Amino acid sequence: MTRCAVLGTGSWGTAFALVLADAGSEVTMWGRRAELTEQITTEHRNGDYLPDVLLPESIWATTDAAEAMRDADVVVLALPSQTIREHLQRWADLIPAQAAVVSLMKGVELGTTRRMSEVIAEAGGVEPRRVVVVSGPNLAPEIAQRQPAASVVACTDHDVADLVAHACATPAFRPYTATDVVGTELGGAVKNVIGLAVGMAEGMGLGDNTKATIVTRGLAETARLGEALGADPATFAGLAGVGDLIATCMSPLSRNRTFGVQLGQGRSVQEVIAATRQTAEGVKSCQSILDLARANDVDMPITEGVVAVVHHGLAPDEMGRRLLSRARKAEAD
Ligand SMILES: NC(=O)C1=CN([C@@H]2O[C@H](COP(=O)(O)OP(=O)(O)OC[C@H]3O[C@@H](n4cnc5c(N)ncnc54)[C@H](O)[C@@H]3O)[C@@H](O)[C@H]2O)C=CC1
Ligand SMILES: O=C(CO)COP(=O)(O)O
């Protein structure tokens, strides 16, 4: 039996813990708040993030990270991206030497422009061949209801990817292995930014042509960045690319899209942040993704527009005007 530690008791950490338990893995969760870890252990519920879901009884949770990670074969990180470095600096010595370390996170670090797998290797002292990325169209509430879905489990070492895929394969959740960590990770991070832009269009009352255009051109700029960073272009045609982009940009369950809808309806960023309890990674990562693009001389106009709205107060309709008034060019350029 694979022993898994899931660090983070938010929506996706909890839903993924359920998947691991359904797959027959032994699961311990770590969370910051004792009331919540106790509720998970004794009531088999996470009232804060997935209140309607009954969790498998085998899952238990603790506030003690050392206890959660003891003898783990797989350590899963499910925290907001911008917090992960500080945690890993404290946890580096607690991660078992041979464990696979899985990132569920879809963000890029502000300041360093590091992808999460890079932060894990750097701050957690984990060999890159043991760092795994799980990413795909996986809206947590649907996964927790055991609706059929699939995802990509990427690691440079195929055997390590296979170990993690085995630990999370259930009749409802189908993991596909891959070795393109860079592409898998970028697909997940950039789709949040494109989801914000699609949400803005929705909030402004715009229709499906506009949204399909943002999705398609969003995929084009994601793939351009991926190519510059050495990703396999085929990854962006897969579950971690277009698959996740579609789920996020279509679904009212997406926090990033919902955040964008509220901006499109005229609320300020501060108002939306104040009303949002859950993580909308694109709000912070749009800046780090744009920084990464600029450092690699990659044009990402939609990401640039989202940064202008979210961080510099540009009105969403002005963002639309700016995008449409750019110099004409060939679609493939
Ligand atoms: N919710 C979803 O459907 C999916 C989310 N993801 C990604 O998974 C990652 C985690 O997201 P969710 O679980 O959805 O977020 P969430 O907002 O539901 O939960 C975040 C968790 O982190 C905790 N947290 C917040 N700040 C913290 C800090 N400074 N230190 C320690 N813990 C802190 C919160 O208390 C909560 O338990 C994100 O990168 C997200 O993009 C990926 C796929 C699906
Ligand atoms: O990553 C997700 C689905 O795959 C969840 O998207 P949000 O973070 O926008 O809710």
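**Binding sites and burial**

Reply: An unreviewed UniProt entry places the feature "binding site" at Lys106, Gly136, Lys191, Asp244, Ser254, Arg255 and Asn256. UniProt positions follow the numbering used here, feature names are shortened, and annotations may be inferred rather than shown by experiment. This is a predicted model: local features need pLDDT of at least 70, side-chain atom pairs count only at pLDDT 80 or more, and totals for chains, interfaces and linings use all residues. Residues are numbered from 1 along each chain as its sequence is written, while chains are lettered from A and ligands numbered from 1 in the order in which they are written.

Me: Why is aspartate 244 called buried?

Reply: A residue is buried if 20 or more other C-beta atoms lie within 10 Å of its own, exposed if 12 or fewer, and partly exposed in between; C-beta atoms are placed from the backbone. Aspartate 244 has 28 other C-beta atoms within 10 Å, so it is buried. It lies in helix α10. Helices (H or I, at least four residues) and strands (E, at least two) are DSSP runs, numbered from the N terminus.

Me: What does aspartate 244 contact, leaving aside neighbours within four places in sequence?

Reply: Its contacts include Ser135, Gly136, Pro137 and Lys191. Two residues are in contact if their C-beta atoms, placed from the backbone, lie within 7 Å.

Me: What makes serine 254 count as buried?

Reply: Serine 254 has 24 C-beta neighbours inside 10 Å, so it counts as buried. It sits in the loop between α10 and α11.

Me: Is arginine 33 buried or exposed?

Reply: Arginine 33 has 12 C-beta neighbours inside 10 Å, so it counts as exposed. It lies in the loop between β2 (26–30) and α2 (34–43).

Me: Why is tyrosine 49 called buried?

Reply: Tyrosine 49 has 21 other C-beta atoms within 10 Å, so it is buried. Not counting residues up to four places away in sequence, tyrosine 49 touches Gly10, Ser11 and Thr14.

Me: How do you know where ligand 2 lies?

Reply: Domain 1 (3–179) and domain 2 (189–324) both give residues to the shell around ligand 2, so ligand 2 lies between them. The domain bounds come from an automatic or database domain assignment.

Me: Which residues come nearest to ligand 2?

Reply: Of the 13 residues around ligand 2, Asn138, Leu139, Ser254, Arg255 and Asn256 come nearest. A residue is near a molecule or strand if its C-beta atom, placed from the backbone, lies within 6 Å of it.
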